[in-house]
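Here's a quick briefing to read with the model open beside you. Take a look at the structure first, then work through the points.

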Amino acid sequence: MDLSLKQKQDYLLRQKKELAEKLGVVLADSYQLFIKTQGVHWNVSGPLFYSVHQLTEVHYQNLFAAIDVIAERIRSLGEKAPASYTKYGKLSSIVDEDEPASADDMVEMLAQDHEVVCQSLRAAIEFVDDKADYVTSGIMTDRLAWHEEAIWMLRSTITP
Ligand SMILES: [Fe+2]
């Protein structure tokens, strides 16, 4: 059955809670990754120090800006944005990790965490795909492109 644009928009309004939950996971993932990325920026050492220190600075600044955009999209959908470390820890499947590690291991950890965010983003994009929510879809697709590029940049730093 083909739905009209109006029917799709009504359908989205009815489902906005479920969408906001999916965006809440993306928000929680992004916050967790922001913290871990800044931790690597501070604590990395060894021959890769300068490149990893610089790359993680670019990444955590991007994540910090994105967190605001994602939270405000949740508000635009009429839902409350999760806003505590406890909630982020429960919502995100990114593992809290703050132990001494080699630069290679730290960078690979971040690459894997970016992959977790990509999965959460794909779940949100798939959810809005048939509901004419072009704005959420656009924001999430832009984020997905950025994270995939970040994974490439991180892994290129440690691949000989
Ligand atoms: Fe710094």
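What follows is a short tour, from the whole fold down to single residues.

This is a predicted model, so a few ground rules apply: local features need pLDDT of at least 70, side-chain atom pairs count only at pLDDT 80 or more, and totals for chains, interfaces and linings use all residues. Residues are numbered from 1 along each chain as its sequence is written.

**The whole protein**

- The protein has 6 helices and 0 strands, where helices (H or I, at least four residues) and strands (E, at least two) are DSSP runs, numbered from the N terminus.
- Reading along the sequence gives you the pattern α-α-α-α-α-α.
- Taken along the principal axes, the C-alpha atoms fill a box of roughly 60 × 30 × 20 Å.
- Of the 160 residues, 34% count as buried; a residue is buried if 20 or more other C-beta atoms lie within 10 Å of its own, exposed if 12 or fewer, and partly exposed in between, with C-beta atoms placed from the backbone.
- Among contacts with a separation of 6 or more, 78% come from residues 24 or more positions apart; two residues are in contact if their C-beta atoms, placed from the backbone, lie within 7 Å.

**Helix 2 against helix 5**

- Helix 2 (residues 16-43) packs on helix 5 (residues 103-128) at an angle of about 165°, and their axes are 9 Å apart. Axes here are lines fitted to C-alpha atoms, for helices over the stretch in contact, and angles run from 0 to 180 degrees between N-to-C directions.
- Helix 2 and helix 5 are therefore roughly antiparallel: angles over 145 degrees get that label, under 35 count as roughly parallel, 65 to 115 as roughly perpendicular and the rest as oblique.
- On the contact between helix 2 and helix 5, the residues split into 15 nonpolar, 4 polar and 4 charged. Ala, Val, Leu, Ile, Met, Phe, Trp, Tyr, Cys and Pro count as nonpolar, Asp, Glu, Lys and Arg as charged, and the others, Gly among them, as polar.
- The residues that meet include Leu19, Val26 and Leu33 in helix 2, and Leu110, Val117 and Val128 in helix 5.

**Helix 6 and its partners**

- Helix 6 (residues 134-158) has 25 residues and runs 37 Å from its first C-alpha to its last, close to the 36 Å expected; the expected span is 1.5 Å times one less than the number of residues.
- Buried residues of helix 6 include Thr136, Ile139, Arg143 and Ala150, and what covers the buried residues includes helix 2, helix 3 (49-76) and helix 5.
- Helix 3 and helix 6 pack at about 165° with axes 12 Å apart, and that makes them roughly antiparallel.
- That contact of helix 3 with helix 6 has 8 nonpolar, 5 polar and 2 charged residues, including Leu55 and Ala66 in helix 3 and Ile139 and Trp146 in helix 6.

- Leaving aside neighbours within four places in sequence, Val128 is in contact with Leu19, Asp133, Thr136 and Ser137.
- Val128 and Lys8 are 120 residues apart in sequence, yet 10.0 Å apart in space, C-alpha to C-alpha.
- Pro100 sits in the loop between helix 4 (85-91) and helix 5, and Pro100 counts as exposed because it has 8 C-beta neighbours inside 10 Å.
- Pro100 and Leu77 are 23 residues apart along the chain, and their C-alpha atoms are separated by 41 Å.
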